[in-house]
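Please look over the sequence and the model below before reading the briefing. The notes that follow cover strand pairing, a surface patch and a pocket.

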Amino acid sequence: LPFSTNGAQNMDCWACERSDSGFDYRHRFTTSFLWAIPTPKDWRGPAAFLLKNWSFNGIVTYQSGFPFTVTQQGNRQNTGGSPQRPDYVPGVAPKSSDPTPDRWFNTGAFKFTDFKFGDVGRNTLRQPAMKTWDTGIFKEFPVREGHRFQFRFEAFNIFNTPQFRAPDATLGSPTFGVITAT
């Protein structure tokens with residue numbers, strides 16, 4: 001379908017709905033690693049029991065944010081349909097040069113439109129990117145041939161980087177432009 005699940009703003013203008021897909025992420029980097037920590041082969045006794053057979057692993061993911069659409073509250077276009085998009089304020093850029101959760105985009109770049117379709121396109125802004133580092137360390141204890149016991153410690157999002165959701169994108173809402181969830 002050439003439009004989101006919310007439907008088209010103007011059913012007579014499919015070209016007006018041309019945009020990035022709602023699940024498009026422009027960039028994604030994911031890698032995983034596993035390192036069997038080397039130890040001398042000739043180690044014996046308690047030192048070998050404690051220090052041999054350790055491994056370190058992880059998954060790193062960096063991804064750009066998904067696109068989202070700015071809409072306006074109410075039925076100001078008198079169409080009864082949704083979504084209803086606002087107009088841009090001429091000369092004001094919608095993207096913020098320093099986005100924060102308190103103001104992800106320039107909310108002053110949008111104005112209500114009455115009795116006409118707004119000129120704001122579908123999926124024109126992007127929500128925050130995702131950055132995660134998940135790691136683990138584990139030790140294997142040989143029990144008998146073909147059998148092992150494994151101690152494992154895993155940590156997810158080890159740098160405690162918040163993964164923010166999309167901001168409130170409804171013009172007229174008290175939290176317009178604010179990210180309210182992680």
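Two strands are said to pair if DSSP finds at least two bridges between them, and strands themselves are DSSP runs of E with at least two residues, numbered from the N terminus. By that rule, β10 and β11 pair in the antiparallel sense over nine bridges. The model is predicted, so that local features need pLDDT of at least 70 and side-chain atom pairs count only at pLDDT 80 or more, while totals for chains, interfaces and linings use all residues. Residues are numbered from 1 along each chain as its sequence is written, and side-chain values use heavy atoms, with hydrogens and water left out.

**Strand pairing**

- Strand β1, residues 28-36, and strand β2, residues 54-63, are antiparallel partners joined over nine bridges, and Ala 36 has Ser 55 of β2 as its bridge partner.
- Strand β2 also runs antiparallel to strand β10, residues 130-144, with ten bridges between them, and here Ile 59 stands opposite Asp 134 of β10.
- Strand β10 pairs in turn with β11, where Gln 150 is the bridge partner of Glu 140.
- The hairpin of β10 and β11 has two residues between the strands, and Gly 146 in this hairpin takes a positive phi near 80°.

**Nonpolar surface patch**

- Trp 35, Phe 56, Ile 137, Val 143, Phe 149, Phe 151 and Phe 153 form a nonpolar patch on the surface, together exposing about 720 Å² of accessible area (Shrake-Rupley method, 1.4 Å probe, with only the protein chains shown counting as cover for residues).
- The elements giving two or more residues to this patch are β10 and β11, the latter spanning 147-155.
- A patch of this kind takes residues with over 30% relative accessible area and no salt bridge, joining nonpolar side chains (Val, Leu, Ile, Met, Phe, Trp, Tyr) within 5 Å; a salt bridge is a side-chain nitrogen of Lys or Arg within 4 Å of a carboxyl oxygen of Asp or Glu.
- The largest share of the patch, three residues, comes from β11, the strand in which Phe 153 lies.

**Largest pocket**

- The largest pocket has a volume of about 190 Å³; a pocket is an open set of points on a 1 Å grid with protein on both sides within 12 Å along at least five of seven lines, and lining residues have an atom within 4 Å of a point.
- Its lining includes Phe 68, Lys 95, Trp 104 and Arg 126, and the lining residues divide into six nonpolar, three polar and two charged.
- β6 (95-100), β7 (103-105) and β9 (125-126) each supply at least two lining residues, and β6 gives the most, with three.

Technical notes:
Helix = DSSP H or I, 4+ residues; strand = E, 2+ residues; numbered from the N terminus. Patch = residues over 30% accessible without salt bridge, like charges linked within 9 Å, V, L, I, M, F, W, Y side chains within 5 Å. 1 Å grid on protein atoms, 1.4 Å probe; cavity = no way out; pocket = protein on both sides within 12 Å on 5 of 7 lines; lining within 4 Å. Points joined across faces, edges and corners; volume = space filled by probe spheres on them. Nonpolar A, V, L, I, M, F, W, Y, C, P; charged D, E, K, R; others polar.
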